[in-house]
Amino acid sequence: MKVYLDNNRITPVDPQVLDTMEPLLKEPYGDLHALHWAGASSRKAYNTALEKCYAALHAGEKDTIFFTSGSPESNTTLLMQLYTRQILTGRKNSLIISEREPLSILQAAAWLEEQGVKVHRLPVTEEGIVDPESLTDYLTPRTGLVSICLVDPESGAINPLEEIVRICQSYEVPVHTDATWAVGKVPIDLEALEVDYLSFSGETIHAPTGIGALYARKDAELFPLIYGTRCAPERYRGGPLNLAGIAGLGKAMELASDALDFEMEDTRELRDALEEGITALPGTRSLIEWSRRVPNTLLAIFEGIESEALLYELNRDGIAAFSTTVHPYGEWERPSLIERLGIDPALKHSSVGFALSRYTTQEEIDYTLKQLGKALEYLRSFSPVAPKENA
């Protein structure tokens with residue numbers, strides 16, 4: 001059996017999404033603004049996808065959503081706008097982010113810092129979230145932007161964005177959130193949340209990779225990073241459109257919205273069953289209170305085990321999981337979550353995470369628990385620090 005439990009990075013494409021994309025991959029389509037049948041067909045597909053994104057996010061009709069290649073491009077667009085339009089002009093001089101932001105934010109912020117921008121990185125609490133009150137230590141009239149992800153991509157912890165927005169509004173500072181790991185997992189109502197900008201990607205909601213979007217509230221400043229067209233809203237991102245990907249993203253947003261109750265109930269039940277089985281094993285514990293996490297994510301500590309070794313053993317049994325410290329392309333650039341949670345730093349390399357999707361089955365959970373028990377027994381058989389009873 002093959003079990004895929006790394007759905008916070010990439011999800012399998014939904015068959016209905018593929019069906020939506022297929023005609024646009026097989027048949028010719030024209031420029032959206034062309035005055036012929038091919039242009040009309042393209043406009044219809046584009047507008048349908050756009051409407052579905054607006055509906056899924058409860059965005060206002062005067063707000064802007066434009067499509068990008070994914071949240072990294074959306075995030076970079078916004079931070080480069082901050083630099084060119086506000087920092088270089090002297091209007092603003094600083095940026096506030098959390099230390100647990102996605103890599104696109106962390107890397108862009110590091111570049112901004114090299115250019116002389118003040119970057120304040122907020123630590124997370126022992127609950128794995130940003131303390132909103134910590135913002136007041138750094139907010140000034142010259143703060144250009146606060147960027148805090150809605151959901152931590154590794155732990156699944158949900159940040160208190162409504163309170164963060166309320167504090168920033170009192171300072172008249174705009175707020176951005178990368179909601180890539182929140183869309184389709186928890187309700188997002190932009191009429192209530194009131195962030196100024198929001199990024200999301202298709203690869204975590206059963207759409208293809210390479211497609212995402214950036215949302216901007218009606219009064220928020222927005223300038224293009226890529227020029228190439230005069231037409232709204234795609235004027236913010238010039239060049240030919242990935243129309244098949246856009247149509248797929250729109251359908252995926254619709255399906256994610258429709259399946260939200262399923263994710264919050266059925267997927268949570270499977271996640272909880274996995275968590276119950278894991279924490280019954282010797283020397284294991286889950287991280288982050290379940291009520292503070294999105295319903296599909298579980299991060300656990302396995303004492304006396306190197307996460308890389310456990311991932312390898314699970315992979316031999318066809319089970320795909322993830323680690324907060326092991327990455328195929330090198331070290332993570334985020335600070336260790338384990339240390340921030342107040343856990344013994346010696347356990348930094350003993351965490352493994354599991355991220356379910358709406359396609360995860362009870363049979364897969366049962367199989368994972370069975371093989372996980374075997375893997376732990378094997379690895380601990382020659383570990384000098386392996387626990388002998390439940391921690």
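What pLDDT does the chain average, and what share of the residues score at least 70? The model is predicted. Its chain averages a pLDDT of 91, and 94% of the residues score at least 70. Over residues 328-332, pLDDT stays under 50. For this stretch the model has 9 contacts beyond four places in sequence. Where pLDDT is low, the predicted coordinates should not be read in detail.

The cysteines were examined next. The count of disulfides comes to 0. Cysteine 149 is in no disulfide. The nearest cysteine sulfur to it belongs to cysteine 168 and is 14 Å away. A disulfide needs two cysteine sulfur atoms within 2.5 Å. Cysteine 168 is likewise in no disulfide, and its nearest cysteine sulfur is that of cysteine 149, 14 Å away. Are these residues buried or exposed? Cysteine 149 has 1% relative accessibility, so it counts as buried. Cysteine 168 has 0% relative accessibility and therefore also counts as buried.

The largest cavity has a volume of about 50 Å³. Its lining includes Thr11, Val183, Gly184, Lys185 and Thr204. Ile205, His206, Ala256, Glu263, Ser357 and Arg358 also line the largest cavity. By class, this lining divides into 3 nonpolar, 5 polar and 3 charged residues.

Phi of histidine 206 is near 70°, a positive value in a residue other than glycine. Histidine 206 sits in the loop between S7 and strand S8 (212-216). With 2% relative accessibility, histidine 206 counts as buried. Glutamate 194 also has a positive phi, near 65°, and is a residue other than glycine. Its place is the loop between helix H6 (190-193) and strand S7 (197-201). Glutamate 194 is partly exposed, at 35% relative accessibility.

By class, the lining of the second largest pocket has 7 charged, 3 polar and 3 nonpolar residues.

Threonine 20 lies in helix H1 (residues 15-26). It has a relative accessible area of 27%, so threonine 20 is partly exposed. Leaving aside neighbours within four places in sequence, threonine 20 is in contact with Ala247 and Lys251. Threonine 20 and leucine 287 are 267 residues apart in sequence, and their C-alpha atoms are 38 Å apart in space.

Alanine 244 belongs to helix H7 (residues 243-258). Its relative accessible area is 3%, and so alanine 244 is buried. Beyond its neighbours within four places in sequence, alanine 244 is in contact with Met21, Leu24, Leu25 and Tyr29. Alanine 244 and lysine 26 are 218 residues apart along the chain, yet 9.9 Å separates their C-alpha atoms.

Definitions and conventions: Residues numbered from 1 in each chain as written. Predicted model: local features only at pLDDT ≥ 70, side-chain atom pairs only at ≥ 80, totals over all residues. Heavy atoms only, no water. pLDDT = per-residue confidence, 0-100. Contact = heavy atoms within 4.5 Å. Buried < 20%, exposed > 50% of the residue type's maximum accessible area, 1.4 Å probe, protein only. 1 Å grid on protein atoms, 1.4 Å probe; cavity = no way out; pocket = protein on both sides within 12 Å on 5 of 7 lines; lining within 4 Å. Points joined across faces, edges and corners; volume = space filled by probe spheres on them. Nonpolar A, V, L, I, M, F, W, Y, C, P; charged D, E, K, R; others polar. Helix = DSSP H or I, 4+ residues; strand = E, 2+ residues; numbered from the N terminus.
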